[in-house]
Amino acid sequence: MIGYVCILLIIVGGGLIFPNLNTNKKSRKLYMILVFGLVLLYAVLRGESVGIDNASRYATVRMIAGFDWHSFVQYLSKQNDEQGYSIIIWIITRIISSPHFVGVLWDSFIILSFAYFFYQYSEDIVITNLMYAAFVFAAEMNVTRQYIAAALFLWAIISILKKKYTLSIVFILIAMTFHASALVLFSVYILIPLRYQITRKTFAIILCMAIIGFNVFDVIANLFVSYFPQYSWYLRGSWAVRDEDFSVLWLGIYSILALLAMYCLPSRVKITATESIVTGEKYRLQSVVMFCFAIYATTSLLISKVWFVSRMNVYFVFSYCM
């Protein structure tokens, strides 16, 4: 806990000591190296018992490390999906069979992916880092496998911003081999007809769709379960449904953020063929962040109906941080 508090103090203190972090590349880089270096150190030095699923992940690594090729193929054949996670572990443990070493690699990939994304694209690096430390870091150490998929989504977004759409699809497909729920990430391609250029009017429509989606969620869930009863456990199981009251407070917070976000958007599409690549990339980033934030806010409020949907927040939490 002391280490975590120190990280928070450094995040805030660094912003006070170096007020030009958002404009000075050298200061920004040093600040990010310090903050995320400490974050990574904190993560990789944690004990096996730290984290809800950490002990079971270590047990899985030890089990996979003990497989020869034939046994591993049999093990994979019994998995319906998410084989990518097992395949990478098996390959790594052919070299070093230490579960801790595997964990260090996962932590490094996740943390450094978020660090690079924020360094490249955050407009207020101090606030973004503070939000990351408050809402992402601790969760990453508990649901590591899904955060690997979330980190891959960040690379998919970077590809989208650079108009490398095929590469972005590859990243999402790989993410699905780590966590099947990454299928929801294909929703980002809804913005293709808009060329990833959201205006105030478009964002208002997206928010209206989010409100409608929240109110008809029960109908959609019942219809989904009727066609795919094998997934009813995720929507009707006792572990997935909790007695949560609808949060008016969070509705207010998300609404204020949405209105402020809308104010930052242009009233019409402003990117033309004559404008710079940097300007176009920045506008596409803004549009993706706004869209993902609408999904994040909606799924957060849906906790009052089905707690399990909050796991979708893992993929879109970066937008809340930014």
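**Exercise 1.** Determine how α2 and α7 are oriented relative to each other, and which residues make the contact.

*Solution.* The axes of α2 and α7 come within 12 Å and cross at roughly 5 degrees, where axes are lines fitted to C-alpha atoms, for helices over the stretch in contact, and angles run from 0 to 180 degrees between N-to-C directions. Angles under 35 degrees count as roughly parallel, over 145 as roughly antiparallel, 65 to 115 as roughly perpendicular and the rest as oblique; α2 and α7 are therefore roughly parallel to each other. From α2, the residues R28, Y31, M32, V35, F36 and V39 take part, and they meet I125, V126, N129 and Y132 of α7, contact meaning heavy atoms within 4.5 Å. Sorted by class, this contact has eight nonpolar, one polar and one charged residues, with Ala, Val, Leu, Ile, Met, Phe, Trp, Tyr, Cys and Pro counted as nonpolar, Asp, Glu, Lys and Arg as charged, and the others, Gly among them, as polar. The helices are DSSP runs (H or I, at least four residues), numbered from the N terminus.

The model is predicted, so that local features need pLDDT of at least 70 and side-chain atom pairs count only at pLDDT 80 or more, while totals for chains, interfaces and linings use all residues. Residues are numbered from 1 along each chain as its sequence is written, and side-chain values use heavy atoms, with hydrogens and water left out.

**Exercise 2.** Describe how α1 is placed against α7, beginning with the angle between their axes.

*Solution.* Helix α1 (residues 2-17) and α7 have axes that come within 9 Å and cross at roughly 170 degrees. That makes α1 roughly antiparallel to α7. On the α1 side the contact uses Y4, L8, I11, V12 and G15, and on the α7 side V126, N129, L130, A133 and A134. These residues divide into eight nonpolar, two polar and no charged.

**Exercise 3.** Characterise the packing of α9 with α16 by angle, axis distance and handedness.

*Solution.* Helix α9 (residues 144-161) packs with helix α16 (residues 313-321) at an angle of about 50 degrees, the axes being 8 Å apart, and the two are therefore oblique to each other. Their crossing is right-handed, which is to say that the near helix is turned clockwise from the far one by less than a right angle. In α9, Q146, Y147, A149, A150, F153, L154 and I157 meet V314, Y315, F316, V317 and F318 in α16. By class, the residues of this contact are eleven nonpolar, one polar and no charged.

**Exercise 4.** Find which helix gives the most to the lining of the largest cavity.

*Solution.* A search of the whole structure finds one cavity of 30 Å³ or more; on a 1 Å grid over the protein atoms alone, a cavity is a set of points where a 1.4 Å probe fits but cannot get out, and lining residues have an atom within 4 Å of a point. About 140 Å³ of space lies in the largest cavity, a volume being the space filled by probe spheres set on the grid points, which are joined across faces, edges and corners. Its lining has 16 residues, of which R46, N54, Y58, P99 and G103 lie nearest the centre. Two or more residues come from each of α2 (25-44), α3 (54-65) and α6 (99-121), and α6 gives the most, with seven residues. The classes in this lining are nine nonpolar, four polar and three charged.

Key: 1 Å grid on protein atoms, 1.4 Å probe; cavity = no way out; pocket = protein on both sides within 12 Å on 5 of 7 lines; lining within 4 Å.
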